[in-house]
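Trainee: I am new to this structure and would like a close look at one part of it, the disulfides.

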Amino acid sequence: MGTLYQRYIDVGQRLELACPGASSSIFSWFSNKNGTNTTLAANDTVSGTVVTQFPSIRYSLTNTFSLVIADIVISDEAMFWCAPTSSSNSPSASIYVVTVTVPLTITLPVETSINLGNTLNLECNASSKPSPASFRWLRYGIDIVTIISYTRFLTINDTKISDAGTYYCYVNNSIGAFAQQDVQVIVRFAPRDIMISGMNINRANIGSTSRIVCLAMASPPPIYGWQKDDQPYNGPADVGNGTLIFANVKIEDGGIYRCTASNIVGEATLTTSFTVY
């Protein structure tokens with residue numbers, strides 16, 4: 001038998017197989033698919049022409065008798081060989097084992113959210129031909145790369161705020177193809193560590209300026225609301241984002257103010273007294 005070549009080609013690409021020696025001898029192209037030999041192209045020694053029996057119009061021959069398959073598909077997979085017409089088993093045959101591959105693709109969401117304390121489950125959905133052979137989940141930190149998992153699944157139990165970040169899935173297959181995809185993990189938690197700060201936040205003179213700021217840690221960021229003396233407060237001092245600004249303090253501005261920071265996970269409140277004298 002002749003020289004054996006292994007050829008891998010992605011689906012949709014153009015494949016060209018050379019036929020060394022075809023210019024000096026009468027050669028033919030053969031294929032074997034599922035154990036059946038087929039003559040694809042042969043020189044007719046009587047007419048001097050090339051007779052073809054191609055399975056598709058995507059098959060053709062070049063001027064140098066190379067076999068071309070355009071827009072290759074998986075069903076084109078076969079063993080092809082070029083040999084003298086008189087002997088398909090000639091030692092001068094060029095034999096090509098053609099494997100049609102499908103590029104690696106990974107499907108992951110751009111981002112995913114999980115509530116603090118819950119279990120995060122992510123699957124790295126990858127496909128290719130040949131099938132994906134190895135998986136790695138990594139997380140990049142400051143000057144470090146942490147390997148989280150060697151399977152297609154990433155599981156983090158009892159999620160913490162520090163688990164938020166960008167995670168990467170890396171996939172390889174048996175022919176060395178490689179792909180990666182990242183997903184942003186958002187850990188949601190209710191407002192916490194609420195505090196009130198600012199200028200003249202508890203006592204202020206009539207006519208002075210007071211600035212009261214409510215802040216809380218939360219994911220997603222909280223929405224702030226105020227109550228004064230147990231009633232919703234929507235006065236002109238409320239400039240939004242948890243801030244009250246009294247530019248010209250009046251006696252009626254005094255009272256008990258309660259800040260509420262809330263998001264889709266929960267809420268937190270904090271109360272402060274504001275005395276005007």
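To start with one cysteine: is Cys214 buried or exposed, and what is its relative accessible area?

Mentor: Cys214 is buried, because its relative accessible area is 0%; buried means under 20% relative accessible area, exposed over 50%, and partly exposed in between, with a 1.4 Å probe and protein chains only. Before going further, note that this is a predicted model, in which local features need pLDDT of at least 70 and side-chain atom pairs count only at pLDDT 80 or more, while totals for chains, interfaces and linings use all residues. Residues are numbered from 1 along each chain as its sequence is written, and side-chain values use heavy atoms, with hydrogens and water left out.

Cys214 forms a disulfide with Cys259, the two sulfur atoms being 2.1 Å apart; a disulfide here is a pair of cysteine sulfur atoms within 2.5 Å. This link joins distant parts of the chain: Cys214 belongs to strand β19 (residues 210-219) and Cys259 to strand β24 (residues 255-262), 45 residues apart. Strands (E, at least two residues) and helices (H or I, at least four) are DSSP runs, numbered from the N terminus. The torsion about the S-S bond of Cys214 and Cys259 is about -90°, so the disulfide is left-handed. Cys259 also has a relative accessible area of 0%, so Cys259 is buried.

By the rule for disulfides, the count comes to 3. Another joins Cys124 to Cys169, with 2.0 Å from S to S. Cys124 lies in the loop between β11 (120-123) and β12 (125-129), and Cys169 in strand β16 (residues 165-173), so the pair ties together parts that are 45 residues apart in sequence. About the S-S bond of Cys124 and Cys169 the torsion is about -100°, so this disulfide is left-handed. Both Cys124 and Cys169 are buried.

There is also a disulfide between Cys19 and Cys82, with an S to S distance of 1.6 Å. Here the distant parts are the loop between β2 (15-17) and β3 (27-33), which holds Cys19, and strand β8 (residues 78-84), which holds Cys82; the two cysteines are 63 residues apart. The link of Cys19 and Cys82 is left-handed, with -45° about the S-S bond. Cys19 is buried because its relative accessible area is 6%, and Cys82 counts as buried because its relative accessibility is 1%.

Counting bonded cysteines along the chain, the disulfides follow the pattern 1-2, 3-4, 5-6.
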